[in-house]
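Student: I would like to learn how to read the side-chain features of a protein model. Could you take me through them slowly, giving the general idea each time and then the case here?

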Amino acid sequence: MGQGKKRMGVLVGCNYPKTRYELHGCINDVLAMRDTLVTRFGFEPSYIEVLTDEPGGGGSLAMPTGANIKKALDSMVDQAESGDVLFFHYSGHGTRIPSVKPFHPLSQDEAIVPCDFNLITDIDFRQVVDRIPKGASFTILSDSCHSGGLIDKEKEQIGPSSLHSTTTTTTTTAATSPSQKPKMIPFEAVRQHLSSLTNINTSDIGTHLLARFGGDASLKFRLPPTAKDWFESPRTDSGILLSGCQTNETSADMNPTVIGEKAYGAFSNAVQTVLKEHLGKLSNKEVVMLARKALQAQHFEQHPCLYCSDENVDAAFLLQP
């Protein structure tokens, strides 16, 4: 593959099997996306790393722990050059944690929940985006609860501040619809789980994460709250976030009741539907707006969002060849 023309992906599906937080469609989501990347977007299989928590490995070379996910992302970025297309698809639980930033005592920050609960936060994704070489692109598709704003300081293009979201209260009946579960683990449940592992009597989640994971814990908890780079105005960057929902919303995991049908994440499935129905190039904005429309037609109460620089709003999704 020519210099500066690589297409690389890291795909993470967490179903949390045999736990109280078990989901069903997340691994299916990323396996479907792997096929789409190869057949439609020109990714070579050797440049796609898949991490799942399927029992027995299921073809995954590593479990999707916090450290392994960050290692995979770092390895992808280390190989990146100008002109490359980088992609991260996450399907699993998300959560919101109290902000550790000064002057924002009541605000909350977004995070994803790897299989070992070693949270990866919006600060970690900001660090990854800031390492992307100029001229390369990095797209995140996060099918998780509270995923809006998952790249710290990325500009909102489609979301609660830029669009008036209308929700529908219409729901399908349990007799004819799949079983629906939110892809969210509440902050208090995350804290309690970590506390049971560390046996430390504190309500500070950062203490638990640092005690359990040390240097592999999120940068959010390893840097002092006054770290300068947290407060600088973001430069125009290559980060593009397509989130499954707004910051204050949940994303659905669907487990069909019909024998033979596969479980899926509502947002991941909506994106796949959009891509199948529109074979030509679609902009990042079009993918998000069409996914919103598809979810609304199915009576889901979640609103996908787009966060990126102005110049990437109308850029082709994954720079489709």
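Student: Is Phe 88 buried or exposed?

Tutor: Burial is judged by relative accessible area, where buried means under 20%, exposed means over 50% and partly exposed lies in between, with a 1.4 Å probe and protein chains only. Phe 88 has a relative accessible area of 1%, so Phe 88 is buried, and Phe 125, at 1% relative accessibility, counts as buried too. Please keep in mind that this is a predicted model, in which local features need pLDDT of at least 70 and side-chain atom pairs count only at pLDDT 80 or more, while totals for chains, interfaces and linings use all residues. Residues are numbered from 1 along each chain as its sequence is written, and side-chain values use heavy atoms, with hydrogens and water left out.

Student: Which residues have the most contacts inside the largest nonpolar core?

Tutor: A nonpolar core is a set of buried Ala, Val, Leu, Ile, Met, Phe, Trp, Tyr and Cys residues joined through side-chain atoms within 4.5 Å. Here the largest such core has 46 residues, and Phe 88, Phe 125 and Phe 138 are those with the most contacts inside it. The element that gives the most to this core is helix 2 (residues 66–79), with 5 residues; helices (H or I, at least four residues) and strands (E, at least two) are DSSP runs, numbered from the N terminus. If contact is taken as heavy atoms within 4.5 Å, and neighbours within four places in sequence are left aside, the partners of Phe 88 include Val 10, Ile 69, Leu 73, Phe 125 and Phe 138. There is also a second, separate core of 35 residues, which includes Phe 41, Ile 158, Val 287 and Val 313.

Student: How many aromatic pairs are there?

Tutor: Rings of Phe, Tyr and Trp (its six-membered ring) pair if their centres lie within 6.5 Å, and planes under 30 degrees apart count as stacked, over 60 as edge-to-face and the rest as tilted. By this rule there are 4 aromatic pairs. In one of them, Phe 41 and Phe 317 have ring centres 5.6 Å apart and planes at 85°, so the pair is edge-to-face. This pair links distant parts of the chain, 276 residues apart, with Phe 41 in the loop between helix 1 (26–39) and strand 2 (48–52) and Phe 317 in the segment after helix 9 (310–313). Both Phe 41 and Phe 317 are buried. The rings of Phe 88 and Phe 125, with centres 5.7 Å apart and planes at 35°, form a tilted pair. Phe 88 lies in strand 3 (residues 85–91) and Phe 125 in helix 3 (residues 122–130), so this pair ties together parts that are 37 residues apart in sequence. One aromatic cluster is formed by Phe 41, Phe 87 and Phe 317.

Student: How many salt bridges does the structure hold?

Tutor: A salt bridge is a side-chain nitrogen of Lys or Arg within 4 Å of a carboxyl oxygen of Asp or Glu, and the structure holds 14 salt bridges. One of them joins Asp 122 and Lys 220, whose closest N and O atoms are 3.0 Å apart. Asp 122 lies in helix 3 and Lys 220 in helix 6 (residues 219–222), so the pair ties together parts that are 98 residues apart in sequence. Asp 122 and Lys 220 are both buried. Another salt bridge, at 3.2 Å from N to O, joins Asp 152 and Lys 153; here Asp 152 is buried, with a relative accessible area of 7%, whereas Lys 153 is partly exposed at 28%.
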